[in-house]
Amino acid sequence: MPDLCSEVSQLSTELEKVGVDLFTVDGKIIFYLMNNGSSRIKEIMLATGSSYRGFYLALERLKNKKLIDSEVDPVDRRARVIRLATPTPAPSVHRGN
């Protein structure tokens with residue numbers, strides 16, 4: 001069984017590479033999405049225990065870093081769903097000889 005402390009440390013290190021601290025609202029949002037997948041904003045806000053303003057500021061920071069995407073919930077068009085952004089592969093460089 002993997003050591004939980006090692007996993008948390010590894011995740012924290014990976015998030016720091018993209019400028020996110022695991023123990024902030026930003027990190028809690030990422031962690032929640034990693035464990036639960038796409039979710040409605042209200043579910044994530046309740047799970048992270050953050051204030052309304054702090055939560056929406058964190059969402060904007062994560063969107064600006066292109067770490068999350070949001071879309072209209074197909075079930076309830078009044079709600080929005082947040083998901084981890086799909087990483088874009090780096091463009092290949094073709095060098096002609």
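I began with Ser 39, which stands opposite Ile 82 in E3. Strands here (E, at least two residues) and helices (H or I, at least four) are DSSP runs numbered from the N terminus. I noted that this is a predicted model, where local features need pLDDT of at least 70 and side-chain atom pairs count only at pLDDT 80 or more, while totals for chains, interfaces and linings use all residues. Residues are numbered from 1 along each chain as its sequence is written, and side-chain values use heavy atoms, with hydrogens and water left out.

Next, the rest of that pairing. Arg 40 has Val 81 as its bridge partner in E3. I find 2 bridges joining E1 to E3 (residues 80-84), and the two run antiparallel. Two strands count as paired if DSSP finds at least two bridges between them.

On to E2. Ile 82 in E3 is also the bridge partner of Ser 70, and E2 and E3 pair in the antiparallel sense over 5 bridges.

What is the order of the 3 strands in the open sheet? I read E1-E3-E2, with antiparallel pairing. E1 (39-40) and E2 (68-72) stand at the edges with a single partner strand each, so one side of each has no neighbour in the sheet.

Then I turned to H2. This helix lies across E1, E2 and E3, running at about 90° to E3. Axes are lines fitted to C-alpha atoms, for helices over the stretch in contact, and angles run from 0 to 180 degrees between N-to-C directions.

H2 (residues 25-36) also meets H3 (residues 41-48): their axes come within 10 Å and cross at roughly 120°. On the H2 side I listed Lys 28, Ile 29, Tyr 32 and Leu 33, and on the H3 side Glu 43, Ile 44, Ala 47 and Thr 48. Contact means heavy atoms within 4.5 Å. By class, I have 5 nonpolar, 1 polar and 2 charged residues in this contact. Ala, Val, Leu, Ile, Met, Phe, Trp, Tyr, Cys and Pro count as nonpolar, Asp, Glu, Lys and Arg as charged, and the others, Gly among them, as polar.
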